[in-house]
Every structure is written in C-alpha cells, then in structure tokens.
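Here is a short briefing to read alongside the model. Take a look at the fold, and then we can go through a few of its details together.

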Amino acid sequence: MELKARILIIDDEPLAIKLIKTHLSKLESFEISGECNNSLKAIEFLRKEKIDLMFLDINMPEISGLEFLKSIPNPPYAIITTAYREYALDGYDLDVVDFLLKPISFERFLKAINRYCNRTRTVAGEN
C-alpha cells in the first residue's frame, strides 16, 4: 500500500480551505490530516501530528503565515497561498515549495504539487 502525503491546510478563509480540499480530492496520494484557521492552532496541531506538506496562507490574524513558518523548528514542506503577490520573495527566502496566488486554478495547484513531489521523489496520482 502506498503511503499518502499528510497535508495540513492553514488559512483563515473557509472558501480558500474548501478550494484546496477540492483540488486535493482529485489526487489519490494525498490525505488531509487537518485544517487550522490560524497559526496558533497550527502550532498546537504540529506538536501532535507529523505533517508532510502545509498549504499556508500568509495574511492571517495574530501571526502571519511567514512569521509562523520562521518560528517553527524543522517545518514541514510548505506551499504558500495568498492574494498578495508582493509576499513571494519572502516565501522563497524560507525555501517554500511554491507560491500560489489566490484564487488558485487546478492547473497551477497541480504544478505546485508536482514541485513538492520532485523534492520528495514521489509521484502524484490522479483519480
């Protein structure tokens, strides 16, 4: 049996979470382990669960996605999601897998997933 990549979605917008979940549902080698609507909840989640990949929004209450990423030791792979293009360079400084501009098309989402797969040497399978 193939091991599925464990995904955590961190976003304060319910519609953004729903879209990422819809995109992920088309890929059989990924499973959503959790979703958090802010960085503080994500910190607690990561203390308890092992995650392979995070979809991380930048603009959130309390702690931004980038501040969150800088604050955690040995973070999982991250794909940044945001409506703000100007944050892209900050994300690359943190060695993120990719940077997705909202609203996220499935084609662009798949490109980001394939970048993750290339880094981890796995193949994304489609249903």
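Which side chain does a polar contact of 2.8 Å join to that of Asp98? The partner is Arg115; a polar contact here is a pair of N or O atoms within 3.5 Å, and within protein one must be able to donate a hydrogen and the other to accept it, while residues adjacent in sequence count only if both atoms are side-chain atoms.

This is a predicted model, in which local features need pLDDT of at least 70 and side-chain atom pairs pLDDT 80 or more, while totals for chains, interfaces and linings use all residues. Residues are numbered from 1 along each chain as its sequence is written, and side-chain values use heavy atoms, leaving out hydrogens and water.

**Around Asp98**
- Asp98 belongs to strand 5 (residues 98-101); strands (E, at least two residues) and helices (H or I, at least four) are DSSP runs, numbered from the N terminus.
- Asp98 is buried, at 0% relative accessible area; buried means under 20%, exposed over 50% and partly exposed in between (1.4 Å probe, protein chains only).

**Backbone details**
- Lys102 and Pro103 are joined by a cis peptide bond, with omega about -5 degrees, and Pro103 sits in the loop between strand 5 and helix 5.
- Glu62 is not a glycine, yet its phi is positive, about 65 degrees.
- Glu62 lies in the loop between strand 3 and helix 3 (65-71) and is exposed, with a relative accessible area of 60%.
- Asn74 also has a positive phi, near 45 degrees, and is exposed at 74% relative accessibility.
- For context, most residues other than glycine have a negative phi, and most peptide bonds are trans.
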